[in-house]
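Have the viewer open as you read.

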Amino acid sequence: MKITKVLSAVALCAGSIAALSSCSKESEQVTAKNEISADAISKIQQLGFTTKDAQKVEGGYLVEGDILLTDEALNSKPDYKLMRIAEGEQYRTNNLVSVGSGRTISIRVSTSLPSAYVTATDELIRRYNAQNLLIRFTRVTSGGNIVLSAAPSGSGYLASAGFPSGGNPYGQVLVNSGAIGTANATTYIATILAHEVGHCIGFRHTDYMNRAYSCGGAYTNEGASTVGAVHIPGTPTTADPNSWMLACIGSGGNRPFNTNDVTALRYIY
């Protein structure tokens with residue numbers, strides 16, 4: 001979604017005048033589509049993502065505001081037999097994290113981020129681990145399966161992440177702490193980071209089929225995708241107004257897991 005410029009510009013989740021914010025509000029510096037090769041645009045479409053406001057960024061292409069498609073992901077051709085397109089449900093990609101009988105994923109917060117992001121990370125870990133999943137999270141001070149680090153200067157998003165590959169989570173969340181700020185660490189910031197970690201372990205936006213639902217603007221259905229938009233059984237067949245994986249959230253808001261989110265997490269992990 002293209003959001004009216006407010007203050008400095010960007011968002012997972014950051015606001016329009018009506019206090020709505022997208023999982024990464026595009027700034028006025030968004031790379032024009034004609035600056036991305038026709039081949040790349042075609043591959044983005046084939047993966048099932050909108051090319052509207054797609055950005056060429058370091059490491060690949062930023063789509064849907066906060067999802068990074070690496071060159072490897074762009075050239076992948078995963079199986080999508082299970083994909084279905086519907087009107088408002090919980091969705092996962094075809095790529096998930098291999099957990100076996102149980103697996104712990106470590107998260108490290110780079111020292112380039114303010115201390116509020118350590119507090120927020122501890123809260124997101126608490127939210128996931130409270131669900132008693134086969135996948136668990138722990139915070140570490142070195143290494144890390146997922147590293148939260150500062151986004152490049154001038155980035156036009158609040159945070160971005162990618163999807164799993166090879167049975168492992170996506171390894172990096174880029175965070176624009178200058179745009180997010182340091183207030184509301186255990187609510188707003190934790191919600192943003194939990195959302196990005198959701199992408200890292202294979203979840204798509206709950207309203208990917210119509211981002212206008214949470215973000216406003218025109219109806220946009222991204223259509224069939226090879227990256228996968230697989231409905232998670234037991235989740236609603238109507239729009240869910242409170243999911244942690246909705247594309248947009250009110251600025252400063254808090255969105256812990258709701259009942260449908262818990263169903264989705266427990267079904268997958």
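## A three-strand sheet

Three strands make up an open sheet, ordered E2-E3-E4, with antiparallel pairing (strands are DSSP runs of E with at least two residues, numbered from the N terminus; two of them pair if DSSP finds at least two bridges between them). Strand E2 (55-57) and strand E4 (67-69) are at the edges with a single partner strand each, so one side of each has no neighbour in the sheet. From one strand to the next, the twist averages 35 degrees, with axes as lines fitted to C-alpha atoms and angles running from 0 to 180 degrees between N-to-C directions.

This is a predicted model, where local features need pLDDT of at least 70, side-chain atom pairs need 80 or more, and totals for chains, interfaces and linings use all residues. Residues are numbered from 1 along each chain as its sequence is written, and side-chain values use heavy atoms, leaving out hydrogens and water.

## Lys56 and Tyr61

E2 and strand E3 (residues 60-63) run antiparallel and are joined by three bridges. Lys56 has Tyr61 as its bridge partner in E3. The charged end of Lys56 also sits over the Tyr61 ring, 5.0 Å from its centre (NZ of Lys or CZ of Arg within 6 Å of the ring centre and within 35 degrees of the ring normal).

## The aromatic cluster

Tyr128, Phe137, Phe203, Trp244, Phe257 and Tyr269 form one aromatic cluster. Phe203 and Trp244 are both buried, meaning under 20% relative accessible area with a 1.4 Å probe, protein chains only.

Conventions
Buried means under 20% relative accessible area, exposed over 50%, partly exposed in between (1.4 Å probe, protein chains only). Rings of Phe, Tyr and Trp (its six-membered ring) pair if their centres lie within 6.5 Å; planes under 30 degrees apart count as stacked, over 60 as edge-to-face and the rest as tilted. Helices (H or I, at least four residues) and strands (E, at least two) are DSSP runs, numbered from the N terminus.
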